[in-house]
Amino acid sequence: MNQPKPAQKVLFKGGSLLDLDTGKETPEDILIVDGRIAELGKVEIASFDGEVIDVSGAVVVPGLMDMHVHLREPGREDEETVETGCRAAMAGGFTAVCPMPNTEPPADKREVLDFLKERAAGQLVELFPIAAVSKGRKGEEIAEMGELVEAGAVAFSDDGDPVHNAAVMRRALEYASMFGRPVIDHCQELTLSAGGVMNEGFVSTNLGLPGMPAIAEEIMVARDLFLAKYTGGKLHIAHVSTAGAVELIRRARAEGVQVTCEVTPHHLTLTDEAVVGFDTNTKMNPPLRTAADVEALRAGLRDGTIQVIASDHAPHAIEEKEVECAAAPFGIIGLETSLGLVLRELVDGKVLSLAQALRAMTVGPRAALGLEQVKIAKGAMANLSFIDPRAEWVVDRSRLHSKCRNTPFHGWKLRGLVLALCNKGLFWCAGG
Amino acid sequence: MEFRRKHLLELQGMSREELTLILDTAETFREVLERPIPKVPTLRAVTVANVFFEPSTRTRLSFELAEKRLSADLVSFSAATSSVLKGETLKDTARNIEAMKVDMVVIRHSAAGAPHFLSRCLAASVINAGDGCHEHPTQGLLDMMTLRHKFGRLEGLKVAIVGDIEHSRVARSNLHGLRTMGAEVLLCGPSTLMPVEAERWGVAVTHDLDEAIAWADALNVLRIQRERQAAGLFPSLREYHARFGVTRRRLERAGKEVTILHPGPINRGVEIESDLADSEFSVILDQVTNGVAVRMAVLYLLAGAQGALQGS
Ligand SMILES: [Zn+2]
Ligand SMILES: [Zn+2]
């Protein structure tokens with residue numbers, strides 16, 4: 001993969017600015033000088049002495065953000081590093097990612113965040129780290145949130161595990177609200193989901209695999225919503241997967257509870273039927289649910305109950321996944337297929353307009369995290385994704401940029417090519 | 001018809017013709033077993049590996065006997081004596097088996113889908129000898145063979161499967177095979193051991209054993225595992241026996257003859273009354289004999305489908 005270059009004087013020619021509120025596309029050339037947008041509109045190239053990038057056919061949007069990824073560094077650099085994760089993110093069209101803190105050691109202390117920042121320095125992709133809710137991710141005592149916010153944490157989560165102790169969750173919501181940061185919960189009532197490897201339903205019954213019932217998620221979502229209402233804290237529900245959870249969140253939002261949530265591309269596209277045949281690349285947590293759940297998740301996105309699409313990129317080494325189902329770890333990679341799945345399933349499938357879909361990957365995550373929105377205006381720092389939403393490509397797991405290959409989407413024909421990215425004074429072109 | 005499958009992984013999805021062919025073939029092998037020298041040279045030069053990751057004396061002996069009766073070469077290993085305990089993965093084990101140039105692998109594993117996984121990484125034919133709570137196809141076949149012997153038909157037969165349905169691979173193979181052959185299936189057991197949405201299999205479900213007995217021509221009584229009580233799935237063995245134990249009194253109350261099957265080994269006095277297991281109603285020993293015949297049939301048909309029989 002070619003490296004990003006300094007955006008000293010670059011002209012992106014032939015793209016159209018996509019207004020994410022109205023869906024209106026306006027043809028504009030974009031001139032970047034020293035990382036800032038110097039000109040928007042028709043720029044003549046006759047007398048231009050910088051680099052010209054042809055982005056004909058592309059829509060130009062604020063840089064895409066994936067607010068839920070696992071980069072495995074520190075601890076499992078054999079599976080992913082900040083560097084390879086950033087490469088996968090670029091290939092997927094993202095200029096920002098939020099790594100989850102379930103590393104080894106976990107990101108529950110300033111040193112780990114400092115280390116991550118150091119690793120990400122010089123990358124085009126920006127890291128907005130999420131710190132652990134509890135010390136050691138043990139779920140017993142809340143971490144030093146104030147210091148972690150100072151060190152750059154944008155949110156708190158013990159993802160990989162739920163915050164199972166209700167009192168700890170209550171304190172976390174209360175304490176994090178002093179800094180205006182959300183607590184992100186992986187919602188699962190563990191006594192109900194224990195031992196499960198897939199959704200509990202007719203498919204698990206048929207395969208003889210232990211199931212995780214939808215109510216294990218819904219009970220925890222309900223608990224968290226009660227706590228968010230009681231404390232006034234900011235709650236973000238990670239990877240919502242059931243129709244019941246969507247409905248609970250919809251009602252809580254209507255009541256004014258401060259809650260946002262995200263959904264993954266795989267929960268929007270696959271059902272538990274994909275587990276038939278026992279492919280370990282269909283083992284994820286939360287598990288793939290039923291067609292009715294997929295429908296409800298899509299409806300939740302459409303009506304704004306769900307604001308964010310995030311991949312839950314979870315790289316696992318081949319030897320860890322090449323085992324029987326029961327022994328395999330949960331999770332799949334997602335950074336490089338996220339946009340393509342969304343465009344194929346949701347935009348082609350007429351669930352969302354292109355602008356709505358891209359909002360859930362740009363505006364949505366920044367709003368959920370309380371971050372400043374990216375502006376595309378003269379004088380602003382350029383943070384842009386150039387995407388050809390019509391082009392088609394086929395997923396080939398041997399050609400992905402993540403260190404891992406655990407995807408169930410190998411061979412799928414997806415839509416949307418990333419042509420170029422610009423961020424942090426750097427630009428990158430997919431073509432060369 | 002010709003048998004075309006390379007593996008026997010599950011009965012779900014097999015056609016009535018395929019199942020009939022296996023059962024008919026098993027009948028001819030049952031005759032072989034009754035001869036003074038119960039051995040045929042059919043699988044000479046075919047090597048079978050019996051790989052048991054989970055203890056099962058009965059199934060392993062039955063397969064080994066079937067292989068010997070067909071004159072196959074066999075290697076057997078079980079988890080206790082294998083490198084599995086040293087943390088070797090299923091895939092590495094498979095590669096080693098492959099390197100030994102075996103033609104068929106019989107696998108028993110505690111994880112559902114392990115035989116499917118193996119079938120994807122081996123050139124050999126894979127026979128599922130029980131995978132977790134998924135299927136136990138040769139057990140399903142031998143149960144069907146036993147019923148067909150007893151009743152002369154499977155079409156229209158009423159079979160109640162009694163006990164821990166949720167964790168039973170025997171139940172799954174039975175219900176798929178029986179339903180494909182035109183039998184009716186009723187599942188009976190405590191609600192905590194009944195898998196969710198079981199009715200979607202096209203079977204009836206009851207929690208009343210007397211109702212099951214009144215309805216059934218045959219009861220397939222499953223072994224109840226004591227660790228399910230530890231997991232809180234039923235209150236005690238005593239309570240289980242009182243509600244779901246098959247007893248002579250219950251049969252007498254129903255006032256009818258019911259054939260009783262059990263995959264063994266039996267917990268006498270728990271899922272079934274001890275003397276009833278040895279009674280005139282029981283076909284349990286018949287099941288054991290048919291087990292060898294069915295496994296011979298499966299090995300023979302898969303070897304033929306793989307071309308391993310040519311020139312022998
Ligand atoms: Zn999670
Ligand atoms: Zn996650």
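The paragraphs below go through a predicted model, starting with a metal site in chain A and ending with single residues in both chains.

The zinc ion (ligand 1) has three coordinating residues: Asp159(A) through OD, His186(A) through ND1 and His239(A) through NE2, at 2.0 to 2.1 Å. Along the sequence these donors follow the spacing D-x26-H-x52-H. Asp159(A) lies in the loop between β13 (155-157) and α4 (166-177) of chain A, and His186(A) lies in the loop between β14 (183-185) and α5 (190-193) of chain A, so the pair ties together parts that are 27 residues apart in sequence. Both Asp159(A) and His186(A) are buried.

Next comes a sheet in chain A. Six strands make up an open sheet with parallel pairing, in the order β12-β13-β14-β17-β18-β19. The edges are β12 (130-131) and β19 (308-309), each of which has a single partner strand, so one side of each is left without a neighbour in the sheet. Strands of a sheet pair through backbone hydrogen bonds, either parallel or antiparallel. Within this sheet, β17 (residues 235-237) and β18 (residues 259-263) of chain A pair in the parallel sense, with three bridges between them. Ile237(A), for its part, stands opposite Cys261(A) in β18(A).

Strand β17 of chain A also holds Leu235(A). Is Leu235(A) buried or exposed? Its relative accessibility is 2%, and because buried means under 20%, Leu235(A) counts as buried. Leu235(A) is 119 residues from Leu116(A) in sequence, and the C-alpha atoms of the two are 25 Å apart in space.

Strand β3 (residues 104-109) of chain B is joined to β4(B) by five bridges, and the two run parallel. Val106(B) is opposite Ile127(B) in β4(B). How many residues of strand β4 (residues 125-131) of chain B are buried? Seven of the seven are, so the strand is largely enclosed by the rest of the structure.

The largest pocket holds about 890 Å³ of space. Its lining comprises 33 residues, and those nearest its centre are Arg108(B), Arg169(B), Arg223(B), Gly264(B) and Pro265(B). Sorted by class, the lining has 15 polar, nine nonpolar and nine charged residues. Helices α2 (57-69), α5 (137-151), α6 (169-180), α8 (227-230) and α12 (284-305) of chain B each supply at least two lining residues. The largest share, five residues, comes from α12(B).

Two of the residues nearest the pocket centre, Gly264(B) and Pro265(B), are joined by a cis peptide bond with omega of about -15°. Pro265(B) sits in the loop between β9 (259-261) and α11 (274-277) of chain B. Chain A has a cis peptide bond from Glu104(A) to Pro105(A), with omega near 0°. Pro105(A) is placed in the loop between β10 (94-99) and α2 (110-120) of chain A.

Some backbone angles also deserve a look. Arg72(A) is not a glycine, yet has a positive phi of about 65°. This residue is in the loop between β9 (64-69) and α1 (82-91) of chain A. With a relative accessible area of 12%, Arg72(A) is buried. Lys101(B), also not a glycine, has a positive phi of about 60°. It belongs to the loop between α3 (90-99) and β3 of chain B. Here the relative accessible area is 66%, and Lys101(B) is exposed.

One residue in a helix remains. Asp24(B) is part of helix α1 (residues 16-33) of chain B. Its relative accessibility is 38%, so Asp24(B) counts as partly exposed. Asp24(B) and Leu178(B) are separated by 154 residues in sequence, with 15 Å between their C-alpha atoms in space.

Conventions:
Residues numbered from 1 in each chain as written. Chains lettered and ligands numbered in written order. Predicted model: local features only at pLDDT ≥ 70, side-chain atom pairs only at ≥ 80, totals over all residues. Heavy atoms only, no water. Donors = N, O, S within 2.8 Å, 3.2 Å for Na, K, Ca; no water. Helix = DSSP H or I, 4+ residues; strand = E, 2+ residues; numbered from the N terminus. Buried < 20%, exposed > 50% of the residue type's maximum accessible area, 1.4 Å probe, protein only. Pairing = 2+ DSSP bridges. 1 Å grid on protein atoms, 1.4 Å probe; cavity = no way out; pocket = protein on both sides within 12 Å on 5 of 7 lines; lining within 4 Å. Points joined across faces, edges and corners; volume = space filled by probe spheres on them. Nonpolar A, V, L, I, M, F, W, Y, C, P; charged D, E, K, R; others polar.
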